[in-house]
Amino acid sequence: MADTPARTSGDFPPFRQRHLISIADLKQHEIIDLLDRAERMVPVSRQERKSLPTLSGKTQINLFFEPSTRTQSSFEIAGKRLGALVVNMSVKTSSVSKGETLVDTAATLNAMRPDVLVVRHGAAGAVELLSQKVGCSVVNAGDGAHEHPTQALLDALTIRRHKGRISGLTVAICGDIANSRVARSNLLLLGALHVRTRVIAPRNLLPAGIEHLATEVFTDMEEGLKGVDVVMMLRLQHERASGKMIPSVREYYRFYGLDAEKLAFANPDAIVMHPGPMNRGVEIDPAIADGARSVITDQVEMGVAVRMAVLDALLSGDQA
């Protein structure tokens, strides 16, 4: 898809959300609005002078209770390219053990008068709680196994740019579905855009009620990949490989790792995605991860554009 010039926030209809906590909070037209905004941000990152004055004078605090170099760096670059003052705060577990609660942290940050907090926390619901205690916008950068909304948005943008559309496609999400906030946010977003979704995983890595989110559920990788347009692999957490959830990494890769043999069941033009960081040789063959059908590096680039779009939508002053 050809790059298009960046538009200012005034070129878009008003974005009515104050926070971005969950994909479930967004209406279909708001999802499309964010994707369209992100599309306009792509050429900004590719030009020699990678900046817009959109958020000049605004303060963005990235508050990460869990380490995440990729997501935090992406939000930092996004804020700076829009002209915001960006502050990174990594909250160590030890500081929490000293008696400071999330509410205490919220009160402290609120007194600093930021315009937006970007928050990652290990507990589901923690980001929403914090949003109720501060006077600024809050963006969920991942809360436990609950949601990761900007990851779902960047995945959708990547799919749309490569496929020319989203609606009507078939997308397979494969791996540790039960513990993946990426899977949940993607299922919510893709469902809202009329995508046929499949989840593929060992039975003990499928959460209860998954049939209410996904169109189809498979435990056989080859059956699940038949005729799909997009293959989205998920990272297998190391603790799942201890023998309690899966017999071994070797067994997992044999049945659920994406290699050329399994990928052959997908459509010939199917693209391969992964939110990163990858466990090469565990959930994906290195040859597939680096191959012509992989769009994994494009996902990283689209991450900056999507986060620019989210910050623009929340802070550009056009909310009701």
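## Reading the labels

Helices (H or I, at least four residues) and strands (E, at least two) are DSSP runs, numbered from the N terminus. By that count, the protein chain has 12 helices and nine strands.

This is a predicted model, where local features need pLDDT of at least 70, side-chain atom pairs count only at pLDDT 80 or more, and totals for chains, interfaces and linings use all residues. Residues are numbered from 1 along each chain as its sequence is written, and side-chain values use heavy atoms, with hydrogens and water left out.

pLDDT is the predictor's confidence in each residue, from 0 to 100. The protein chain averages 90, and 90% of the residues score at least 70. Residues 1-9 are another story: their pLDDT is below 50, though this stretch has 21 contacts (heavy atoms within 4.5 Å) in the model beyond near neighbours in sequence. Where pLDDT is low, the predicted coordinates should not be read in detail.

## Overall build

The radius of gyration, taken over C-alpha atoms, is 19 Å for the protein chain. That agrees with a compact globule of 320 residues, which would have a value near 20 Å (the rule is 2.2 Å times the number of residues to the power 0.38). Along its principal axes, the C-alpha trace spans about 55 × 50 × 35 Å.

Of the 320 residues, 53% count as buried, meaning under 20% relative accessible area; exposed means over 50%, and partly exposed is in between (1.4 Å probe, protein chains only). Take the contacts between residues at least 6 apart in sequence: 74% of them join residues at least 24 apart.

Most residues other than glycine have a negative phi, and most peptide bonds are trans. Which peptide bond is cis? The one from G276 to P277, with omega near -10 degrees. P277 sits in the loop between β9 (271-273) and α11 (286-289).

Now for phi. R113 is not a glycine, yet its phi is positive, at about 60 degrees. You'll find R113 in the loop between α4 (102-111) and β3 (116-121). Is R113 buried or exposed? R113 counts as exposed because its relative accessibility is 70%.

H194, also a residue other than glycine, has a positive phi near 60 degrees. Its loop runs between α7 (181-192) and β6 (196-200). With 55% relative accessibility, H194 counts as exposed.
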